[in-house]
Amino acid sequence: GFVFQSQCFQKGDTVPDFTLYQSNGEAFNLRDELLKGKPVLLMAGSYTCNVFRPRLTEFNNLVNQYGSLISFFLVYVVEAHPIIDISPYTTPPGSVWDQVPGANDDYQFRQPTTYGERKFLVDSLIARLTIDAPVLIDGPCNEWWINYGKNPNGAFLIAPSGVVYGSNGWFNGSSNGTGI
């Protein structure tokens, strides 16, 4: 398995501010959101990640249960398992890592190289799967992904002070465990 926890912000770290955009063009600024006084939960994901997609149900349940207490956002990041193109998670680096054999063709996409291509995948994801929180789009140079932890499905619970209350390299604690 892959260990992503050491590659992201840890409990007690202060996270940097950032601004990302939703597919409708609406800006999201972390500092402005935290000034509202509620913690923020950020979950990373991409359409081709076969771990992320099944976790949307769990994520949506949390949004619906705790949405009045916590602001939830999905951050759309680099594709985990692009077809033809190099995966950012292969070991050794630099090889193609398609989804498992027999994977649904509906989830096979190339790695976007422009913001417009990534926005197209976000719009497709939103149209096809239920996501009960705003989806923020990382830029084509993957600035958020690089700064917040190079993981396919990381999660961060950030206190209004900007300090990480909890984080995990996988949304629910591990590729098969529990947690954020």
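F18 is buried, since its relative accessible area of 11% falls under the 20% cut-off. The model described here is predicted.

**Aromatic rings**

- A pair of aromatic rings is described by the distance of the centres and the angle of the planes.
- Eight aromatic pairs are counted in this model.
- One of them joins F18 and F28, with 5.7 Å from centre to centre and 40° between the planes, and this pair is tilted.
- The pair links distant parts of the chain, as F18 lies in the segment before β1 (19-21) and F28 in strand β2 (residues 27-29), 10 residues apart.
- F28 counts as buried because its relative accessibility is 4%, and buried means under 20%.
- F18 also pairs with Y148: the ring centres are 5.4 Å apart and the planes stand at 80°, so this pair is edge-to-face.
- Because F18 is in the segment before β1 and Y148 is in helix α4 (residues 143-148), their pair ties together parts that are 130 residues apart in sequence.
- Y148 is buried, and F18 is too.
- One aromatic cluster is formed by F18, F28, F73, W144, Y148 and F156.

**Helix α3**

- Helix α3 covers residues 115-128, which makes 14 residues.
- The buried residues in α3 are R118, L121, V122, S124 and L125.
- These residues cover an arc of only 160° around the axis, and therefore they are on the same side of α3.
- Which parts of the chain cover the buried residues of α3? They include α2 (52-66), β4 (71-76) and β5 (135-137).
- On the face of α3 turned away from its buried side are the exposed residues F120 and A127.

**S71 in strand β4**

- Strand β4 contains S71.
- Is S71 buried or exposed? S71 counts as buried, because its relative accessibility is 9%.
- Leaving aside residues up to four places away in sequence, S71 touches E33, K38, P39, V40 and L41.

**A charge over a ring**

- K11 lies over the face of Y165, at 5.6 Å from the ring centre.

Methods. Residues are numbered from 1 along each chain as its sequence is written. This is a predicted model: local features need pLDDT of at least 70, side-chain atom pairs count only at pLDDT 80 or more; totals for chains, interfaces and linings use all residues. Side-chain values use heavy atoms; hydrogens and water are left out. Helices (H or I, at least four residues) and strands (E, at least two) are DSSP runs, numbered from the N terminus. The expected span of a helix is 1.5 Å times one less than its number of residues. Buried means under 20% relative accessible area, exposed over 50%, partly exposed in between (1.4 Å probe, protein chains only). The arc is that of the directions from the helix axis to the C-beta atoms. Contact means heavy atoms within 4.5 Å. Rings of Phe, Tyr and Trp (its six-membered ring) pair if their centres lie within 6.5 Å; planes under 30 degrees apart count as stacked, over 60 as edge-to-face and the rest as tilted. A charge sits over a ring if NZ of Lys or CZ of Arg is within 6 Å of the ring centre and within 35 degrees of the ring normal.
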